[in-house]
Amino acid sequence: MGLVCLLISGARASDPRALQEASVAKQRASVLRQETAAAARHSAFFTTPAPEIACERVPAPKVSQIVDDGARQSGLDASLVRAVVRKESDYDSCATSVKGAQGLMQLMPSVQMQFGVTDPYDPRQNISAGTKLLKQLLEQYGGDLSRALGAYNAGPAQVEKWGGVPPIPETRQYVDDILGNLISGSLDRPLLH
């Protein structure tokens, strides 16, 4: 953790790359703490290092069908799930972010663990977990789509801290982009079925 603080203090406010690298280092340290805590509770879970997961890109038409199936199974509006997948990964089943999010709905390791995902690049597992999380957030925020999307992007703690969509430029742009994609008529339908 000391290295993370050093990286952050050494990053100049005018150097966005240094700030991003410091943020990534801080998040990696957080993931390591989460894994250590999980291993303490479930020692068998981390007995061997996780192998690198190979990813084979799934053709867009098949991904579209999996997304629609996942939306239907979770009881979410398919337009909403499509908009989230488009924003998160642009339908790339092998997408991986610099922050460690993986697959179509960009699941973080903690979300993968929460929903029992063994292969984040398997479109069915990824969509299943991502739609369950999104539905859970919509229910938690009483159907408030902006807050649910803000929590999907930045985490529920940030939404609680700020009492709504957090004032993080990336998160605000994320919410605005998805809502903009939905304006074309899907908002007149309920997002939860």
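Predicted model: local features only at pLDDT ≥ 70, side-chain atom pairs only at ≥ 80, totals over all residues.
Residues are numbered from 1 along each chain as its sequence is written, and side-chain values use heavy atoms, with hydrogens and water left out.

**The overall picture**

The protein chain has nine helices and zero strands, giving the pattern α-α-α-α-α-α-α-α-α along the sequence. Helices here are DSSP runs of H or I with at least four residues, strands are runs of E with at least two, and both are numbered from the N terminus. Of the chain's 193 residues, 39% count as buried; buried means under 20% relative accessible area, exposed means over 50%, and partly exposed lies in between, using a 1.4 Å probe and protein chains only. Among contacts with a separation of 6 or more, 47% come from residues 24 or more positions apart, where contact means heavy atoms within 4.5 Å.

**Two partners for α9**

Two packed helices are described by the angle between their axes and the distance between the axes. Axes are lines fitted to C-alpha atoms, for helices over the stretch in contact, and the angles run from 0 to 180 degrees between N-to-C directions.

Take α7 (residues 145–154) to begin with: it packs on α9 at about 130°, with the axes 9 Å apart. On the α7 side the contact uses L145, S146, L149, G150, Y152, N153 and A154, and on the α9 side E170, T171, Y174, V175, I178, L179 and L182. Sorted by class, that contact has nine nonpolar, four polar and one charged residues. The classes work like this: Ala, Val, Leu, Ile, Met, Phe, Trp, Tyr, Cys and Pro are nonpolar, Asp, Glu, Lys and Arg are charged, and the others, Gly among them, are polar.

Now for α4 (residues 78–89), which packs against α9 (residues 169–182) at about 135°, with axes 9 Å apart. That makes α4 oblique to α9, and the crossing of this pair is right-handed. The α4 residues involved are S79, L80, A83, V84, R86, K87 and E88, while α9 brings Y174, D177, I178, N181 and L182. Six nonpolar, two polar and four charged residues make up the contact of α4 with α9.

**Salt bridges**

Side chains of opposite charge can pair when their charged atoms come close. Taking a salt bridge as a side-chain nitrogen of Lys or Arg within 4 Å of a carboxyl oxygen of Asp or Glu, the count comes to six. Here are three of them.

| Pair | Closest N and O atoms |
|---|---|
| R57 and D92 | 2.9 Å |
| R124 and D69 | 3.9 Å |
| D177 and K87 | 2.5 Å |

D177 lies in α9 and K87 in α4, so this pair ties together parts that are 90 residues apart in sequence. D177 is partly exposed at 26% relative accessibility, and K87 is partly exposed at 34%.

The R57 and D92 pair runs from the loop between α2 (16–41) and α3 (60–74) to the loop between α4 and α5 (109–114), 35 residues apart. R57 counts as exposed at 57%, whereas D92 is partly exposed at 22%.

R124 sits in helix α6 (residues 123–140) and D69 in helix α3, 55 residues apart. R124 is partly exposed at 48%, but D69 is buried at 15%. D69, R72 and R124 are linked in a network of salt bridges.

**Two residues to look at**

A95 is in the loop between α4 and α5 and is buried, with a relative accessible area of 13%. Leaving out residues up to four places away in sequence, A95 touches S89, A101, Q102, G103, Q106 and Y121. Its C-alpha atom is 9.3 Å from that of C55, 40 residues away along the chain.

Q73, in helix α3, is exposed at 71%.

Note on methods. Parallel < 35°, antiparallel > 145°, perpendicular 65-115°, else oblique. Left-handed = near helix turned anticlockwise from the far one by under 90°.
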